[in-house]
Amino acid sequence: MGGIRIASLLLIAGFVWSQATHGAEAAGTTVFTLRNNCTHTIWPATLSGNTAAAVGGGGFELSPNATVSFPAPAGWSGRLWARTGCVAPPANAGAAGAPSRLSCATGDCSGAASCTLGGSPPVTLAEFTLGGADGKDFYDVSLVDGYNVGIGVAATGARVNYSTCGYAGCVGDVNALCPPELQMAASGAVAVAAGGDGATASPAPAPTPATTTTVACRSACEAFGTAEYCCTGAHGGPKTCGPTKYSRLFKAACPAAYSYAYDDPTSTFTCGAGAQYLITFCPGHQ
C-alpha cells in the first residue's frame, strides 16, 4: 500500500476518532473504537490475554458503516477480530433479546456470541498490549492465523506522536489473491458478500455445487502443518524460521501486518501512553 493511501486513511481515522474520545483522553483512559467499513454486517469479537475483563462484552453485531467504542483497563492485553457469515440458531435469545449462540463462517469462537475463546482460523487479528515495556503500548495486525477480512489500526489523539505511532494493518484483499491450496470456500445457506472480504448473514437460496466463494485464506501452517511453515521443531526460532512463498504473498498484500511468526521488524508498532485506537474493518473500502 502506498504512502498516500496510508496518509488518507490516517486523516479519516483522526476525524472519526476525535469525535469519540475527547473525554477519554482527558481521563487518561484507552478507548477502542471499532468501525465496520465492510459492505456487510460483521460480528467483532474480543479476547483478553491477561485479565478476566471482557472488553466490549466479548462480541457484538456491527452493521455496515456503524461504529462502536468501549474502554480497556490499564495494562490490558488481548486481541480483536471480525466474525463473518454469522447466523443465530432459532429460539436462541439471551439478555435483551440478543443471541447467546452464533454459528459463523469465519472467526467462530466455539459457537458463542460473546467470546471466551479465540477465533477459529483462518482469521485476521488485531493484537494489543497496553502499557507494556517503558509504559508504551504495543500493537499489530497479524495474518499468522490466516486472513478473513482486512483490519487497520490507527493510533490517534492529542497525545499521539504520529511520527512514531505507525498505522498497522492489512488493507489489501488477501482473499482475492489467495492460492487455491489455501482457500477456504463457503457455500450453502449463507450469502457470500462481494469483494472477498467475508460474508453476510442474510439467508440465500441454496447454491449449485459450483457456487463457491473464498471467504478466508488459510495460513500455510494450518494448511500443511509442517515445521517449516509453523516455525516449530528445527524451525522453532527466528534464525531458522524465515519467510516462505506463502508468507511473502501475505506480506506483499499487507506490508504493515505480520505474515509469519517472526516477522517482527516491520510488523510491531509502539505508541506512548495516552493513545486512543481506531480499528477499521475492511479499511481498503475507504
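Visitor: Which residues point one way from β7, and which the other way?

Guide: I151, V153 and A155 point one way, and G152, A154 and T156 the other way. All are buried, where buried means under 20% relative accessible area, exposed over 50% and partly exposed in between, with a 1.4 Å probe and protein chains only. Strands here are DSSP E runs of at least two residues, helices are H or I runs of at least four, and both are numbered from the N terminus.

Visitor: What are the ground rules for this model?

Guide: It is a predicted model: local features need pLDDT of at least 70, side-chain atom pairs count only at pLDDT 80 or more, and totals for chains, interfaces and linings use all residues. Residues are numbered from 1 along each chain as its sequence is written, and side-chain values use heavy atoms, with hydrogens and water left out.

Visitor: Back to β7. What does β7 pair with?

Guide: β7 (residues 151–156) runs antiparallel to β8, with two bridges joining them. On its pairing with β14 (residues 276–281), also antiparallel, there are six bridges. Two strands count as paired if DSSP finds at least two bridges between them.

Visitor: What does V153 touch?

Guide: Leaving out residues up to four places away in sequence, V153 touches A126, F128, Y139, V141, G166, Y167, A168, Y277, L278 and I279. Contact means heavy atoms within 4.5 Å.

Visitor: And the largest nonpolar core? Which members touch the most others?

Guide: F32, F128, Y139, V153 and Y277, out of 45 residues. A nonpolar core is a set of buried Ala, Val, Leu, Ile, Met, Phe, Trp, Tyr and Cys residues joined through side-chain atoms within 4.5 Å. There is a second, separate core of eight residues, with L47, C109, V123 and L125 among them.

Visitor: New topic. How many salt bridges does a search of the whole structure find?

Guide: Two. The criterion is a side-chain nitrogen of Lys or Arg within 4 Å of a carboxyl oxygen of Asp or Glu. In one, R79 meets E127, with the closest N and O atoms 3.5 Å apart. R79 is in strand β4 and E127 in strand β5, so the pair ties together parts that are 48 residues apart in sequence.

Visitor: Is R79 buried or partly exposed?

Guide: R79 counts as partly exposed, because its relative accessibility is 27%. Its strand, β4 (residues 77–83), is mostly covered, with six of its seven residues buried.

Visitor: What flanks β4?

Guide: β2 (residues 43–48) is joined to β4 by six bridges, antiparallel. P44 has A82 as its bridge partner in β4. β5 (residues 125–129) is also antiparallel to β4, over four bridges. There, S77 stands opposite T129.

Visitor: And the other salt bridge?

Guide: K251 and D263, 2.9 Å from N to O. K251 sits in helix α6 (residues 245–253) and D263 in the loop between α6 and β13 (269–271), so the pair ties together parts that are 12 residues apart in sequence. K251 and D263 are both buried.

Visitor: Which residues of α6 are buried?

Guide: Y246, S247, F250, K251 and A253. Exposed K245 and A252 are on the face turned away from the buried side.

Visitor: What do the buried residues of α6 pack against?

Guide: α3 (174–177), β12 (213–217), α4 (220–224) and α5 (227–230).
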